[in-house]
Amino acid sequence: MTCSPVRKGDASVARFQAEFDQRGYGWWAVEVQAARESIGFAGLDQVDDGVPFTGVEIGWRLARSARGRGDATEAARAVMANGFDSLGSPRFSLPQQPPTIGRGR
């Protein structure tokens with residue numbers, strides 16, 4: 001699996017690229033190398049306004065076909081490693097929405 005800047009033609013690419021250029025971090029396309037299959041995106045983002053804490057959160061959105069293969073874990077590790085290196089951040093937030101709690105490991 002590889003994580004690379006979101007490609008032209010993907011939804012929201014202009015916004016993702018502008019945020020990445022402005023902040024130095026953002027969202028990457030996630031692809032299964034062997035199949036050259038795009039399975040979603042992962043990256044870092046500012047915590048939303050109105051949340052009772054501030055900082056940078058890690059997130060991902062992957063295709064249903066990627067579930068159970070470890071792709072989200074691999075993407076999260078790559079994003080965290082990049083964030084620690086490029087931002088020097090000591091920690092990241094990982095919010096879980098109620099529908100995803102059962103899938104947490």
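In this predicted model, strand β2 sends Trp27, Ala29 and Glu31 one way and Trp28, Val30 and Val32 the other way, and all of them are buried, where buried means under 20% relative accessible area, exposed over 50% and partly exposed in between, found with a 1.4 Å probe and protein chains only. In a regular strand the side chains alternate between the two faces of the sheet. β2 is accordingly described as mostly covered, with 6 of its 6 residues buried. Strands such as this one are DSSP runs of E with at least two residues, while helices are runs of H or I with at least four, and both are numbered from the N terminus.

The model is a prediction in which local features need pLDDT of at least 70 and side-chain atom pairs count only at pLDDT 80 or more, whereas totals for chains, interfaces and linings use all residues. Residues are numbered from 1 along each chain as its sequence is written, and side-chain values use heavy atoms, with hydrogens and water left out.

The neighbour of β2 in the pairing is β3, and the two run in the antiparallel sense over 6 bridges; strands are said to pair if DSSP finds at least two bridges between them. Within this pairing, Val32 has Glu37 of β3 as its bridge partner, and Ala29 has Phe41 of β3. The hairpin of β2 and β3 has 4 residues between the strands, and Arg36 there takes a positive phi near 50 degrees. β3 also pairs with β4 in the antiparallel sense, over 7 bridges, and there Ala42 stands opposite Trp60 in β4.

Since Phe16 lies in helix α1 (residues 13-23) and Trp27 in strand β2, the pair ties together parts that are 11 residues apart in sequence. Phe16 counts as buried because its relative accessibility is 7%, and Trp27 is buried with a relative accessible area of 13%. Trp27 also forms an edge-to-face pair with Phe41, at 5.3 Å centre to centre and with 90 degrees between the planes. Because Trp27 lies in β2 and Phe41 in β3, this pair ties together parts that are 14 residues apart in sequence. Phe41, with a relative accessible area of 24%, is partly exposed, and Phe16, Trp27 and Phe41 form one aromatic cluster.

The largest nonpolar core has 13 residues, and among those with the most contacts inside it are Val30, Ile39, Leu44 and Val79; such a core is a set of buried Ala, Val, Leu, Ile, Met, Phe, Trp, Tyr and Cys residues joined through side-chain atoms within 4.5 Å. The elements giving two or more residues to this core are β2 (27-32), β3 (37-46), β4 (56-62) and α2 (71-87). Val79 touches Trp28, Ala42, Gly43, Leu44 and Ile58, not counting residues up to four places away in sequence, a contact being heavy atoms within 4.5 Å.

For the whole chain, the elements run β-α-β-β-β-α from the N terminus on, and 30% of the 105 residues count as buried.

Methods: Rings of Phe, Tyr and Trp (its six-membered ring) pair if their centres lie within 6.5 Å; planes under 30 degrees apart count as stacked, over 60 as edge-to-face and the rest as tilted.
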